[in-house]
Amino acid sequence: MGEDSNKEPKGSVFIGNPERLQQAGYNLPGGNVDYDPEYECTGGSTNPSDKRCPYQLKTPDAMNYPLTGWEGRLLHMNLPSYRDPLCPRTLKYLFTKAKRPFDIRVRVLQQNVPGEDDGCLDKYCEMMAELRQETGGGSTAKGGPAGDDCPHKDQVFIHPIHAKEAAGPTYARGLLGQDIREAYENNELGPQDFCMSTDSHMDFEPEWDQKMVDMWDMAQNEYAVLSTYVANIDQLGQNLNGVHEVPHLCMVIFTSQVRTHATKCARNLPRPKLTNAVWGAGLSFSKCHAELKVPVDPHTPGIFDGEEFNRAARFWTYGYDVYTPHRVYVLHDYPGSQHNPKTMGWGHGKFEQTDLKNAYYRLNTILDIPGGERDYDKRLRLKRSKYGLGDRRSLDDLIEFSGIDLRHKKATIDGKNRCGNLQWVPFIEHPKGVNYIPKFDDTTEDPLDVPYEKTSVWYNPHVDGVGAGLVSRQVEEKEEDPAEVENRRAEEEAAHESHKKEAEKLAGSSLHEDHKALAAALEAEGNGGGGGGGHDFPEGEHREVISNAAAAALKAEQMENVGAPPLLRGVSDSGGIPKGRFFFSPIKLNKHGVEHLPMQVKLAVLVMVLGICFAIIASGGEKRKRRASSKKSG
């Protein structure tokens with residue numbers, strides 16, 4: 001697309017580099033496309049009867065709040081923090097730069113080593129005292145009133161655990177989700193409040209809180225979730241490239257799981273853009289009914305790849321839609337967080353082998369990815385459980401909308417990506433309204449809202465129509481066409497064998513080539529972003545903590561030799577959220593130089609060098625002996 005001023009107000013979206021798209025198996029020209037906001041409702045049709053737009057808040061569901069804005073509402077923030085010295089600064093920035101700091105509530109999952117790491121809240125209070133001393137005090141932006149020892153201290157809730165108990169990002173966010181649920185049950189949080197999840201090393205634009213709410217309103221969708229991999233802090237206060245360039249998530253690759261990949265960019269968007277359900281954990285902003293209905297699954301310790309699309313799928317099947325923010329108001333300190341060896345350790349938590357195995361099986365099973373549970377009843381039960389799929393849209397609809405072939409581990413079902421204009425997919429709202437939070441058994445995590453009502457995708461007229469329970473539902477639904485059952489079984493078996501061969505191929509590759517590819521990927525990420533239109537943004541801090549070869553080989557061995565683990569907490573051997581010790585140490589190549597190599601590699605290099613030196617010395621000694629012998633004989 002040219003820089004035509006007549007088209008620029010609608011904005012444009014970069015859908016990919018043509019050569020790279022072709023290499024990745026896509027069949028589309030790439031480049032830039034004009035963004036058409038109306039397409040989300042019309043699908044390109046000019047027939048008024050074809051127009052179908054997302055649901056907006058209705059007065060009966062507003063709970064006496066205004067239909068837009070956040071007057072009377074609170075903004076709840078979730079910050080998982082692992083030994084992060086930037087956490088206090090994040091608290092300082094989010095309060096001092098907010099327009100309505102008194103209406104913000106912050107929950108920090110603090111994973112520290114007592115006596116070694118500063119407490120996030122304590123250090124924040126010190127920073128605010130220093131700010132008051134510099135400015136003389138006053139408003140929050142000046143450190144608060146002179147008599148206030150720590151402004152907004154009572155608005156910050158610290159959930160402390162020891163760093164050795166850290167079990168990866170989903171475990172941390174899962175604990176914060178439980179805190180959110182507890183606040184809801186104690187009437188400290190409402191479904192019509194706003195909820196935002198981000199990291200503990202962030203910065204913010206002035207009045208970021210009001211701007212985020214206003215941007216969410218612009219999506220004109222009560223089920224909107226604003227999400228992306230946010231820009232680096234060096235872009236604070238900048239209009240990137242003069243065209244309000246923002247990161248845009250829309251593509252994935254399959255590693256050990258589904259990984260968000262090749263972040264694209266959008267320019268001069270007039271409003272948030274509907275995405276193909278690709279969600280990023282670095283920023284998530286929505287009404288709190290989304291957080292309450294779709295909490296992060298805490299039963300997936302050590303998982304990095306797979307956590308984002310798993311939650312994206314759960315959001316989407318519950319009726320939520322992910323949007324790319326059209327402006328940057330929240331920024332990430334990538335250098336400050338990624339160059340600190342302490343903060344990079346939370347993915348190295350030590351878990352039991354059964355915990356990691358269970359996590360992979362859960363993610364695969366929920367999304368029909370090869371390598372999951374094969375038993376029909378167990379698979380269905382997990383999908384309907386507390387951390388399973390929603391019942392407003394189906395998984396088949398998600399595959400068609402996202403364009404991602406989950407069942408065959410392919411990035412595209414038709415050779416196209418879904419980075420450009422998309423049409424919203426209608427669904428039937430829950431009869432009890434948008435604020436209704438489904439109920440599940442606290443122990444088994446099975447649904448309690450059964451029999452299902454007619455608008456649910458799980459509804460079965462032969463079962464739910466007569467008010468039967470969950471047990472008879474499983475029996476009833478197994479009565480399928482034998483031919484269809486056999487076809488599905490054969491397809492699953494073929495996918496399983498393909499997955500096994502892929503794992504064997506990965507595990508058989510040389511360590512040198514594996515590390516060379518990883519280093520190249522990290523270098524590409526380090527050089528991404530900040531350029532002109534038509535580039536891919538870096539993928540941010542969300543990286544896999546074990547090699548793909550190790551993960552794939554591990555899963556193949558587990559599937560063959562161990563079998564499927566229990567998938568629901570109620571039938572788990574441990575009976576609770578997985579904790580414990582991981583059983584192997586990852587090797588990360590995010591730093592260069594011998595001093596950053598693991599100890600076992602250093603020792604191997606040392607032995608090799610000593611061996612070479614010894615061989616050279618020995619060889620030199622033999623030559624001297626021969627020369628001496630020659631002189632004597634002469």
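Modeller: Contact here means heavy atoms within 4.5 Å of each other. The model is a predicted one.

Colleague: Is helix α3 (residues 87–96) largely enclosed or largely open, and how many of its ten residues are buried?

Modeller: A residue is buried if its relative accessible area is under 20%. Cys87, Pro88, Thr90, Leu91, Leu94, Phe95 and Thr96 are the buried residues of α3. The helix is therefore largely enclosed by the rest of the structure, the buried count being seven of ten.

Colleague: What covers the buried residues of α3?

Modeller: The cover includes strands and helices. Among the strands are β3 (75–82), β4 (104–112), β5 (156–162) and β7 (202–204). The helices include α4 (120–135) and α6 (208–218).

Colleague: Are the rings of Phe95 and Tyr124 stacked, tilted or edge-to-face?

Modeller: Their centres are 5.9 Å apart, and the angle between their planes is 45°. Planes under 30 degrees apart would count as stacked and over 60 as edge-to-face. The pair of Phe95 and Tyr124 is therefore tilted.

Colleague: How many residues apart are Phe95 and Tyr124?

Modeller: Phe95 belongs to helix α3 and Tyr124 to helix α4, so the pair links distant parts of the chain. Phe95 is buried at 0% relative accessibility, and Tyr124 is buried at 0% as well.

Colleague: Which ring does the charged end of Lys97 sit over, and how far from its centre?

Modeller: A charge counts as over a ring if it is within 6 Å of the ring centre and within 35 degrees of the ring normal. For Lys97, the ring is that of Tyr93, and the distance is 4.7 Å.

Conventions
Residues numbered from 1 in each chain as written. Predicted model: local features only at pLDDT ≥ 70, side-chain atom pairs only at ≥ 80, totals over all residues. Heavy atoms only, no water. Buried < 20%, exposed > 50% of the residue type's maximum accessible area, 1.4 Å probe, protein only. Helix = DSSP H or I, 4+ residues; strand = E, 2+ residues; numbered from the N terminus. Phe/Tyr/Trp six-rings, centres within 6.5 Å; stacked < 30°, edge-to-face > 60°.
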